[in-house]
Amino acid sequence: MMKIRKKVKLKKKVFLLMALGIMIPLAFSSFKNISFAMPVLGTDKESKSNLINEYINNLSNLVEKKEIDSRFVNVISLEDDRYISKLFNFKTGEEVNIESIIKPEMVEEFWSKVNKLLYLKYPNFISDVLSKNDKTNTYFVKDNELVIYYYDYEIDPLPNEELSLHINYNEIKDYMDITIKLDKTYENEDGSKIDLNKKIVALTFDDGPGPYTSRLIDILNNNKAHATFFMLGKNLSIYKDAVKKAYDNKMEIGYHSYNHKNFKRQKLETIVEEFNESNEILKSITGDTFHLIRPPYGSINEKIKESLDASFILWNVDTEDWRHKNTDYLKDYVLEKAQDGNIILFHDIHKSSVDAIEKLLPYLYVEGYQVVTVSSLANVTKTDLELHKSYRYFTR
Ligand SMILES: [Zn+2]
């Protein structure tokens, strides 16, 4: 699949270059086996440039040749399904590295910016590895951006996608030692933005907040994931910091009754009173109120639904994590059951559940899932969450 896609990409480029009147010899048998060896440099500048030109012309899979600032040339070719990039100083004829186009005193800032953008794009289990910058990095010096492809990094679990970073020059303009064009508008690649091309599931956590909630929020953040927490009214004040942290980190907070009584066994009046009281507590912590309710045990009827101004959120994947306290079991169970649009039920009051989420999220990522809140999932599936109605999952 990957191979086909790249070949198509290559053909387009070749066509483009042809159209520009640049001849590309497709088969240079003498160079084929040593196509990535450095040209032997002559003594004078002119012969060095000629040798670089010869090297470029002899690349059988030339993808792109770009002159930069009249001083450098960036040559990209394709070999064994991966990009090979070489940067030459056209005047001295030497092959140089990417730092040559960065102001010497800004090299450190440049790399720290690259790493910051890596962490913005990828979950930590990927960016932790890529940010070491100690394997094969391939650079495309484009008109408006610098693109880095990352090869040979050992990531576990292994993502089934090309790992790359597109850095708009606006981000690094102060560090560049070459003349660059700046876009007026650009957006960073942000891994927490919802990608409609991916499968999407909602993770939900009931019965908290509790002693593990804060750590769970960190784990979600580290994995570019968001979740909905259905909290007990009585726990809100006790774990105020966790409630605030969830809210500040764009997690969603729903209501799960005041103290986990079955709604059907409570007086309607009490249910409403407790809901209002809990709303006041949440408002005092976050400034917001509850819009979603998950009834304890999923136990609900029309009368109760009519009495509370919220949407009712049930689930369609129940991990029974209160019973299965084995992290590998929980991870495998979700990976087996998850499908686009699912609402998955966990409880953040069990340490084993939080540990399981830490294991699970990288696997969901490499399986192509994005993990979002219930409201985001509804939004993505163009479902209007109506008051007094209940939902178990969403479809698109
Ligand atoms: Zn519960």
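**Helix packing and cores**

Me: How do the axes of α7 and α13 cross, and within what distance do they come?
Reply: The axes of helix α7 (residues 213-222) and α13 come within 10 Å and cross at roughly 0°. Axes here are lines fitted to C-alpha atoms, for helices over the stretch in contact, with angles running from 0 to 180 degrees between N-to-C directions. Helices (H or I, at least four residues) and strands (E, at least two) are DSSP runs, numbered from the N terminus.

Me: Before I go on, what sort of model is this, and how are residues numbered?
Reply: It's a predicted model, where local features need pLDDT of at least 70 and side-chain atom pairs count only at pLDDT 80 or more, while totals for chains, interfaces and linings use all residues. Residues are numbered from 1 along each chain as its sequence is written.

Me: OK, back to that pair. Are α7 and α13 roughly parallel or roughly antiparallel?
Reply: Roughly parallel, therefore, given that crossing angle. The cut-offs are under 35 degrees for roughly parallel, over 145 for roughly antiparallel, 65 to 115 for roughly perpendicular, and oblique for the rest.

Me: Which residues meet there?
Reply: From α7 you have Arg215, Leu216 and Ile219, and they meet Val354, Ile357, Glu358 and Leu361 in α13. Two residues are in contact if their C-beta atoms, placed from the backbone, lie within 7 Å.

Me: Zooming out, how many helices and strands does the protein have?
Reply: There are 14 helices and 16 strands. Of its 396 residues, 34% count as buried. A residue is buried if 20 or more other C-beta atoms lie within 10 Å of its own, exposed if 12 or fewer, and partly exposed in between, with C-beta atoms placed from the backbone. Among contacts between residues at least 6 apart in sequence, 68% join residues at least 24 apart.

Me: Which residues touch the most other members of the largest nonpolar core?
Reply: Ile344 and Val371, out of 61 residues in that core. Helix α13 (residues 351-366) gives the most to this core, 7 residues. By nonpolar core I mean a set of buried Ala, Val, Leu, Ile, Met, Phe, Trp, Tyr and Cys residues joined through C-beta atoms within 7 Å. There's also a second, separate core of 16 residues, with Leu118, Tyr122, Leu130 and Val141 among them.

Me: What does Ile344 touch?
Reply: Skipping residues up to four places away in sequence, Ile344 touches Val201, Ala202, Leu203, Thr204, Trp315, Val317, Thr319, Val334 and Ala338.

Me: Let's switch to α4. Which of its residues are buried?
Reply: Phe110, Val114, Leu117, Leu118 and Lys121. Down the axis of α4 they fall within an arc of 110°, so they line one face of the helix; the arc is that of the directions from the helix axis to the C-beta atoms. The face turned away carries exposed Glu108 and Ser112.

Me: And what do the buried ones pack against?
Reply: The buried residues of α4 pack against α5 (124-130), β7 (163-168) and α6 (169-172).

Me: Now α10. What is the distance between its end C-alpha atoms?
Reply: They're 27 Å apart, which agrees with the 27 Å that the 19 residues of α10 (residues 268-286) should span at 1.5 Å a residue. The expected span is 1.5 Å times one less than the number of residues.

Me: Which residues of α10 are buried?
Reply: Ile271, Phe275, Ser278 and Leu282 are. These sit within an arc of 70° seen down the axis of α10, so they line one face. On the other side, Glu269, Thr270, Asn276, Glu280, Lys283 and Ser284 are exposed. The cover over the buried residues of α10 includes α8 (233-236), β10 (252-255) and α11 (302-307). Just after α10, Gly287 takes a positive phi of about 85°.

Me: Last one: is Leu87 buried or exposed?
Reply: Buried, because 21 other C-beta atoms lie within 10 Å of Leu87. Leu87 is in strand β3 (residues 82-89). Leu87 and Asn74 are 13 residues apart in sequence, but 4.5 Å apart in space, C-alpha to C-alpha.

Me: And Thr381, where does that lie?
Reply: In the loop between α14 (374-380) and β16 (390-391). Thr381 is partly exposed, with 14 other C-beta atoms within 10 Å. Leaving aside neighbours within four places in sequence, Thr381 is in contact with Gly341, Phe394, Thr395 and Arg396.
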